[in-house]
Amino acid sequence: MNRVIPLLRCLLFCLFYVCGAGVALADLQSYEARLPPELSTSPRLCDFAPCRDVMPGADEFSERKGRPPYVEAYGKVDGERKLLGYVFLSTDIVDIPAYSGKPVVTLIGMDTEGRFTGSKILKHSEPILLLGIPESELVKFTRQYVGRFVGDKLEIGKSGQDEGAIGLDAITGATVTVIAQNQVMLRCGAEVAKQVGIMKPVSLPAAKFTSADAPADWKALKGEGSVQFLEVKPEDVGKENKGQPYLDMWFGYLNQPAVGKRILGEEGYASLMSRLKPGEHAIFIVAQGTDSFKGSGFVRGGIYDRVQVRQGADTYTFRDLDYLNLYSIAAGGAPEYRESAIFIIRSENFSAAYPWQLVLLANKVDPQTGARNFTSFHQEYWLPAKYLEGGRPVVERPDPTWLKVWKGRLPEIVGFIALLGFAALVYGLRDRLVRRSTRKDKRWVNIPKYFIWTVSIVFVGFSAMAQPSVTQVLTWFHSMLYQWKWELFLSDPLIFIFWWFIILTVFFWGRGLFCGWLCPFGSLSEMLFKVAGRLGLKRFQTHLPMWLHDRLKWVKYGVFWGLLGVSFFSMGLAEMLAEVEPFKTTFLVGLLNRSWPYTLFAASLLGISIFIERPFCKYLCPLGAALALPTTFRWFGLKRKQECGPCAACAVGCGSLAIDGSGRIDQRECMLCLDCMVMYYDSHACPPLAQERRHREKAGEPLTAIGANGYYIPIKPIAADAPPPKSTIAARSKADPTMLTAPTLPPYADHQGDPLGLIAAEIWDHLWPWSRHGFQRQRAIQGASLALAAIVTLVWVLAAMGRLTTGVVLGWWAGWSLFEIVVRLGSKPYVKEGSWLGRRYRTANTMDMVCYVGFKNLLIGAALFVAMKLFT
């Protein structure tokens, strides 16, 4: 019965959470909305999109026109049918990713004078708008564009640097999203405005070519940049990789005499130039792959809708009259190709002296839903400087979005780094601080810790909104396995810096420095507990019984692994379920600004924190669970004495309940409050020290200083390698409190005199989980694991050949990892204590092995994925 009650409570909580989340999510209109496929493919855009919402007064809409496409909107004015403006879909024109890495699908209206008439968000994947900031804030942000001219210089924030710029109010906590959306609105409006004649393209000075020679070899041409390469893989468009490229494209500029002659030959170049009129430019494309850059829907009189050339704000498309056959490449060593073309850019606004981009337009299939989304792939081309008189002109490139964010938040970044540095310094000096403190006077530890808590709550949490989340762990994991984009992580500078700090400190000291000192929600939770105790509620404060704590602490690991598993099927669903973290309700939105289930959940956790120290951190936090895995292998732990086993004085005051009855500290649960370290040096509170102090005082012996081992320095010198003195308390100890489990040695410890042999044996030990001892104990399991290992190896080989999808590989890899845990517990049941470079080993319990195998296979899997991407 004792085991059933906690389980029922957990199930009831999950039921409440899911029901509450369902009520709150009912207000969401466009998060991961299922859009009809015809929205991107049908000529009748407005049959599938609410065009009237963005073009007031319109009652009739044309089919899609132009490239990129737009729709003409008509209405009655003074009884006559009149063109009111244009409606267009953002993903028909650009695919600028927002914070989620996916574009915000927006329907936009513009009148005949080039002023925005409205916009409507049809679909987004922004977790910050799902779990933190209401969608209504993004809708409110887009309303600022109504009445603005598409050619205006609209910037996020109050502009003071450029007098011609117009500042727009941003959304606090969603800077990246609104910067991306600003680019979407302006780019889309400008593209359509130029097509319909509202805006004129910007003319650039024409290029003047030198007489420099070009290399005759294709590889050399590619090396100097005269030929560029654009690669699109099958997985980039949501297709299965079967070992063949989706599209490999080589392209270049042909008007430059030296380059054009190397590509086409003397006669071919002369023939091409004779056909070009002044102000016209020729580019070539050759391609190999399973798809075509020309497209399958081309008809005479139409346009090639798969390729474009983009220079600055100008985009150039090609009709059938702009196409010439390319029969061969004159340069030696040219690759084999399946299709080729020469395209003519008929515009005097284009300049070969400036960089331009070749753009391939494609539909990407979502493997989870089957939905098709517009996407584009582009590669820059810029003639080498030696072919241009005066070299390349100076081009002022706009800062990338992430860099704009960093520059705009520079004061916050400096302050945040100072806070992290101060926290690391304080904890690095912990030995000095705890020596100055006593159990009754802990101000040397508490004052800096309380200061860090306060700054973390006020500045990091409520002001900067830089609370780390398990969703970032999931995003990092998926990015590493699928497609790594630094821009995605650089877009929030404080979170980016925070995570580097967390990763480094977890491997040095464990999760406790972040969870116990710097986590805004954890700091708020414990601050409430401390303040409530001072206000007279201490008699109501308690800890859960140890037997119950030892069971409930595993819930957070189940939550983390559950979220990770769900994320492989649906990242959007995982982000919804990650609302088990109350961080966004507390800091990003506020308890009074969200739907009642979220508010009740977060408020309940904070309310319970008044009476139970850090309940969320101990039992529910998936982020804490994720950080606990590498904490198993932290380099430095807290100090212990042999007497800590039977003494248990530290365990009585441990708020984290991380010290068991044998005096051993579970670093995965420890919040590094340092109370046990204060007692470690307190000669009046630590029982073995107090015993020694009383003995010396009774014998009239002097009290020497306390050494680093926690004992009084002996009055008479003893050998350096002599064991520490044992008190009567230590004599009763059977466990080794310096290790979580009993010490042990692996079989390969015999190589101690041979460093190279030891390293080789250890590497083999990590890669080979079987042993003779294991086969004697678990013949069936060990034998089955050998067969499974052979299958997994075959899976990786097939994956490297492009025969399997990433999801299949991950499924097998996860299954093997679970099986390896069972195998190692039966054959090699040990893990390292402390640094991986050290040689201290202890017997592994199940959680130790889960952490070891999970983390080891994550590193091996990441290395294999990187190798696959590099060599396939």
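A nonpolar core is a set of buried Ala, Val, Leu, Ile, Met, Phe, Trp, Tyr and Cys residues joined through side-chain atoms within 4.5 Å. Buried here means under 20% relative accessible area, exposed means over 50%, and partly exposed is in between (1.4 Å probe, protein chains only).

Before you start clicking, note that this is a predicted model, in which local features need pLDDT of at least 70 and side-chain atom pairs count only at pLDDT 80 or more, while totals for chains, interfaces and linings use all residues. Residues are numbered from 1 along each chain as its sequence is written, and side-chain values use heavy atoms, with hydrogens and water left out.

**Stop 1: the cores**

Select Phe 416, Phe 498, Phe 514, Trp 517, Leu 518, Leu 623 and Leu 638. These are the residues with the most contacts inside the largest nonpolar core, which has 100 residues. Now colour helix H15 (residues 493–509), which supplies the largest share of this core, ten residues. Helices (H or I, at least four residues) and strands (E, at least two) are DSSP runs, numbered from the N terminus. Apart from this core lies another, of 56 residues, including Leu 221, Val 227, Leu 276 and Ala 331. In soluble globular proteins, nonpolar side chains tend to be buried together.

Next, centre on Leu 638. Leaving aside neighbours within four places in sequence, Leu 638 is in contact (heavy atoms within 4.5 Å) with Tyr 427, Ile 665, Gln 667, Cys 670, Leu 672, Leu 674, Cys 676 and Met 677.

**Stop 2: the cysteines**

How many disulfides does the structure hold? There is one disulfide (a pair of cysteine sulfur atoms within 2.5 Å). Select Cys 46 and Cys 51 to see it, with their sulfur atoms 2.1 Å apart. Both of these cysteines are buried. The torsion about their S-S bond is about -90°, so the disulfide is left-handed.

Then move to Cys 519, which is buried at a relative accessible area of 8%. Its sulfur is 6.0 Å from the closest cysteine sulfur, in Cys 617, too far for a bond. Cys 670 is in no disulfide either, and its nearest cysteine sulfur, that of Cys 676, is 6.2 Å away. Cys 670 is also buried, with a relative accessible area of 8%.

**Stop 3: two loop residues**

Jump to Glu 643, in the loop between helix H24 (622–631) and helix H25 (644–647). Is Glu 643 buried or exposed? At 1% relative accessibility, Glu 643 counts as buried. Its side chain makes a polar contact with the side chain of Tyr 711 (2.6 Å). A polar contact is a pair of N or O atoms within 3.5 Å; within protein, one must be able to donate a hydrogen and the other to accept it, and residues adjacent in sequence count only if both atoms are side-chain atoms.

Thr 741 sits in the loop between helix H29 (728–731) and strand S17 (743–744). Thr 741 is buried, at 14% relative accessible area, and its side chain makes a polar contact with that of Arg 842 (3.1 Å).

**Stop 4: a strand and its partners**

Finish at strand S2 (residues 71–77). Five of its seven residues are buried, so S2 is largely enclosed by the rest of the structure. Strands pair if DSSP finds at least two bridges between them. Two bridges join strand S1 (residues 60–61) to S2, running antiparallel, and Phe 61 has Ala 73 as its bridge partner in S2. Seven bridges join S2 to strand S3 (residues 80–89), also antiparallel. In the hairpin of S2 and S3, with two residues between the strands, select Asp 78 to find a positive phi near 55°.
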